[in-house]
Amino acid sequence: INAEYGNRLQLTMGCCCARSAKRPEDAVGEKLSAMKHRQQAELIHQTSAAMLQCWLAYQAPDEIRAGIQQAYPNERRSVTVLSTDHVQLGVDKFESGEGERTLSVSVRGTDNPANVLQDLEALFVYDNHLGCRVHAGFRRVAEDAVAKLEDDLAGGGPNGCSPEETVHLRLYGHSEGGAVALLIGMLVLSRKHVKISTITTMGQPMVTDSCGADKWEPL
């Protein structure tokens with residue numbers, strides 16, 4: 001009886017070990033699952049960061065600075081707040097590597113009567129630089145914003161970068177701010193030392209027609 005029980009126990013344990021052994025396809029599945037979880041976590045992080053940037057653009061300058069410093073306590077970021085044509089820009093920048101600088105620009109959306117008038121200036125006019133028709137009101141604000149950001153984009157200011165540095169540009173905006181952020185990216189895309197890292201917009205109105213959308217789809 002003991003011998004028969006021992007044989008059965010040994011057989012059962014062998015079956016359990018065989019079932020618990022990982023097959024090659026199981027290992028691949030686990031790696032893919034882990035990769036998916038990392039991608040989801042990165043997406044959540046990027047979305048949270050974008051939402052924070054869009055929300056901060058509506059706050060007072062001191063609150064913008066405090067919000068950026070609180071969100072990134074381990075990074076030395078220089079935060080400035082610019083005003084352009086009744087639209088507020090929150091700008092934070094930091095050295096992201098040797099010869100590289102990351103510039104994040106958050107554009108406030110419709111927040112005052114002047115912004116409403118800009119929204120209503122919805123005539124689509126042809127822009128020779130962009131090669132398509134764009135919203136006249138948003139284009140004017142974007143062009144003014146690029147002029148205000150010139151020191152950070154091309155050097156020359158106290159916190160600007162040298163022409164040899166690569167500027168990684170991140171643009172964020174909600175509502176009108178999203179439209180202006182997109183147009184800023186379109187306006188500076190041709191600059192060799194400026195690399196568009198991301199453009200994240202929320203509730204963005206239309207900035208161009210179907211031809212322009214086809215032309216700028218890669219952006």
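A: Glu75, Arg77 and Asp92 are linked in a network of salt bridges, a salt bridge being a side-chain nitrogen of Lys or Arg within 4 Å of a carboxyl oxygen of Asp or Glu. The model is predicted, so local features need pLDDT of at least 70 and side-chain atom pairs count only at pLDDT 80 or more, while totals for chains, interfaces and linings use all residues. Residues are numbered from 1 along each chain as its sequence is written, and side-chain values use heavy atoms, with hydrogens and water left out.

Side chains of opposite charge can pair when their charged atoms come close. The structure holds 10 salt bridges. One of them joins aspartate 152 to lysine 93, with the closest N and O atoms 3.6 Å apart. This pair links distant parts of the chain, since aspartate 152 is in helix α6 (residues 150-154) and lysine 93 in strand β2 (residues 87-97), 59 residues apart. Helices (H or I, at least four residues) and strands (E, at least two) are DSSP runs, numbered from the N terminus. Aspartate 152 is buried at 10% relative accessible area, and lysine 93 is buried at 4%. Here buried means under 20% relative accessible area, exposed over 50%, and partly exposed in between (1.4 Å probe, protein chains only).

Arginine 140 and glutamate 121 also meet in a salt bridge, at 2.7 Å from N to O. Arginine 140 lies in helix α5 (residues 136-148) and glutamate 121 in the loop between α4 and β4 (124-127), so the bridge ties together parts that are 19 residues apart in sequence. Arginine 140 is partly exposed, at 34%, and glutamate 121 is partly exposed too, at 32%.

A further salt bridge, between arginine 65 and aspartate 62, has its closest N and O atoms 3.2 Å apart. The two residues are 3 apart in helix α3 (residues 61-71), which means that about one helical turn separates them. Arginine 65 is partly exposed, with a relative accessible area of 30%, whereas aspartate 62 is exposed at 61%.

On a 1 Å grid over the protein atoms alone, a cavity is a set of points where a 1.4 Å probe fits but cannot get out, and a pocket is an open set with protein on both sides within 12 Å along at least five of seven lines; lining residues have an atom within 4 Å of a point. The structure holds 1 cavity of 30 Å³ or more, and the volume of the largest cavity is about 40 Å³. Grid points are joined across faces, edges and corners, and a volume is the space filled by probe spheres set on the points. At least two lining residues come from each of α2, α3 and β2, with β2 giving the largest share, 3 residues. By class, this lining has 6 nonpolar, 3 polar and 1 charged; Ala, Val, Leu, Ile, Met, Phe, Trp, Tyr, Cys and Pro count as nonpolar, Asp, Glu, Lys and Arg as charged, and the others, Gly among them, as polar.

The largest pocket has a volume of about 330 Å³. Its lining has 17 residues, of which His45, Gln46, Ala49, Arg170 and Tyr172 lie nearest the centre. α2 gives the most to this pocket lining, with 8 residues.
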